[in-house]
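The sequence and the structure come first.

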Amino acid sequence: MPTVTHSIQILSSDASASLPTPGQLSAGTADFLVILNAGGTFTIYAHDQSDVTIPDGTSSSVRSIVLQSLDIRASQGIRPAGVPMSVTITALDPNGAVVSGFSGAVRLRELTSFGEGRVSPTSVTLASGQWSGNITVYRADDTNNPLGNVSVEAEVQATRLRAASATRSS
């Protein structure tokens, strides 16, 4: 109804959800951002604060997953810098179980004592909580001669999650 400008409060069955402040409808609609902070299945409610005789609006079930960390494993162990290595990246929940519901882009970065290095590819896309393929790091760290250490950092939605692998300096 485009003439309705009621104040709406958003609620959630996730007690730890980050909820927006109540807002006014404009031409009968409004957008609200709800962040679910727990894993599980929840319901979002819209409560009309201007006319409490109107029943709360109820969403369909919303499934939320919790991504705690990314596990990065290189199958070959020590590799020369610049040589591709076979890697598996797995999304894990707080209990260490695979988050099979996570599918999305993960940005990769190489970090050494010299600063940020170069890694290829710079991002990968996990499907059902995992990705396997080759990555190449191009700069070895000099803090562990004759072997150099390289830290590969993975980032999901600006949340940095780290794992390390080793490469031989070249």
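## Model and confidence

The structure is a predicted model. Mean pLDDT for the chain is 84, with 83% of the residues at 70 or more. Confidence is highest in strand 1 (residues 7-12), at a mean of 97, and lowest in strand 16 (residues 159-168), at 50. Over residues 164-170 the pLDDT falls below 50, although this stretch still has 33 contacts in the model beyond near neighbours in sequence.

## Overall composition

The chain has 16 strands and 0 helices. Of its 170 residues, 32% count as buried. The exposed surface comes to about 9,600 Å², and carbon and sulfur atoms supply 49% of that area.

Sequence separation was also examined for the contacts. Among those between residues at least 6 apart in sequence, 51% join residues at least 24 apart.

## The open sheet 7-9-14-12

Four strands form an open sheet with antiparallel pairing, in the order 7-9-14-12. Strand 7 (69-74) and strand 12 (119-120) are at the edges; each has a single partner strand, so one side of each lacks a neighbour in the sheet. Strand 9 (residues 85-92) pairs with strand 14 over 6 bridges, in the antiparallel sense. Within the sheet, Thr90 is opposite Gln130 of strand 14.

Strand 14 spans residues 130-137 and includes Thr136. Is Thr136 buried or exposed? Its relative accessibility is 8%, and because the cut-off for burial is under 20%, Thr136 counts as buried. Leaving out residues up to four places away in sequence, Thr136 touches Gly82, Val83, Pro84, Arg118, Val119 and Ser120.

Strand 10 runs antiparallel to strand 13 (residues 123-126), and 4 bridges join the two. In this pairing Val106 faces Val124 of strand 13. Strand 10 is also antiparallel to strand 11 (residues 115-116), through 2 bridges. Here Leu111 stands opposite Glu116, and a hairpin of 2 residues connects strand 10 to strand 11.

In soluble globular proteins, nonpolar side chains tend to be buried together. The largest nonpolar core in this model holds 19 residues, of which Leu70, Ile89, Val106, Leu108 and Leu126 touch the most other members. At least two residues of this core come from each of strands 7, 9, 10, 13, 14 and 15 (147-156). Strand 9 contributes the most, with 4 residues. Apart from this core lies another of 7 residues, including Ile8, Ile10, Phe42 and Ile44.

Which residues does Ile89 contact, leaving aside its neighbours within four places in sequence? They are Leu70, Asp71, Ile72, Leu108, Val124, Leu126, Gly129, Gln130 and Trp131. Among these partners, Leu70, Leu108 and Leu126 are listed with Ile89 as the core residues that touch the most other members.

Conventions
Residues are numbered from 1 along each chain as its sequence is written. This is a predicted model: local features need pLDDT of at least 70, side-chain atom pairs count only at pLDDT 80 or more; totals for chains, interfaces and linings use all residues. Side-chain values use heavy atoms; hydrogens and water are left out. Two strands pair if DSSP finds at least two bridges between them. Buried means under 20% relative accessible area, exposed over 50%, partly exposed in between (1.4 Å probe, protein chains only). Contact means heavy atoms within 4.5 Å. Accessible areas come from the Shrake-Rupley method with a 1.4 Å probe; for residues, only the protein chains shown count as cover. pLDDT is the predictor's confidence in each residue, from 0 to 100. A nonpolar core is a set of buried Ala, Val, Leu, Ile, Met, Phe, Trp, Tyr and Cys residues joined through side-chain atoms within 4.5 Å.
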